[in-house]
Amino acid sequence: LDGKKSISVRASSSEEMVYLYDGIRLNNMADALMDLSQMTTLGLNGMELVLGGHEKALSSSGTINFIPKLTYDKSFLFNQQFGTYNYGGYDGFGSLGFKYGTVNLGNSKTQMSQVYSDTNVAEINTLFDRYYINMGMKRSNDLELKIMAFQNNKQFQNSRTNDSVDVEMQNVIIKMENYHSIRGDLSFFSLFQNKIGEENIGFERKNKKDNTAGIGFEYEKIIDNSKIHFSTET
């Protein structure tokens, strides 16, 4: 669907990029063009950028790993944004947790409107509405279970040209990680994606419905100055 936000590394196309969420690839067989507008500021701890090949995507031009926020503590954060073109939005995050378990919740909403030069009435309106929840349970520092889910609804309406976009994207990830200094590190994951959208641009009308499910696991062990790494997914 039109109007996707993306990142380009060394002038590479969006199809050449690989996007990971906590080390799990999001842009897979369902849709190689991932819309970055579904990511929220407060819902992420950071972003890792790997130039060139990566063990997750050996033939990619670049790999970006989004690190979700999973706080084992009690906290609350709130951001309010204002800008030009009637831009406004908020981003809220809260966590309720202790040493061995936590629940993180967040909501982010952004809207903007624009006017044509011959009128004072806003005729172009865009809305982003995002929700996410991250849950974690761990035993000391060797075993952790994560459940991460986020949903984004994007709406665009141009009342003068009758162009519109309405798309909803959902992602659910379940991941278990086991760390051991002798046996090595092992992780299992399952991924569920759903994307439903409708687009009316000019005389074209597009309806999109994607459903993706995947499972996989990884194993990694350090031996002296070398590393053994095996991963697979289906």
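Ile-182 sits in the loop that joins β10 (163–178) to β11 (185–201); strands here are DSSP runs of E of at least two residues, numbered from the N terminus. Ile-182 is exposed, with a relative accessible area of 61%, where exposed means over 50%, buried under 20% and partly exposed in between (1.4 Å probe, protein chains only). Between the C-alpha atoms of Ile-182 and Ile-24, which are 158 residues apart along the chain, the separation is 24 Å.

The model is predicted, so local features need pLDDT of at least 70 and side-chain atom pairs pLDDT 80 or more, while totals for chains, interfaces and linings use all residues. Residues are numbered from 1 along each chain as its sequence is written, and side-chain values use heavy atoms, leaving out hydrogens and water.

Asp-129 belongs to strand β8 (residues 122–139). Asp-129 is buried but has no salt bridge, and the nearest side chain of opposite charge, Lys-109, is 4.7 Å away; a salt bridge requires a side-chain nitrogen of Lys or Arg within 4 Å of a carboxyl oxygen of Asp or Glu. The Asp-129 side chain does make a polar contact with the side chain of Asn-107, at 3.5 Å (a pair of N or O atoms within 3.5 Å, one able to donate a hydrogen and the other to accept it).

Notes. Helix = DSSP H or I, 4+ residues; strand = E, 2+ residues; numbered from the N terminus. Lys, Arg positive; Asp, Glu negative; His and termini not counted.
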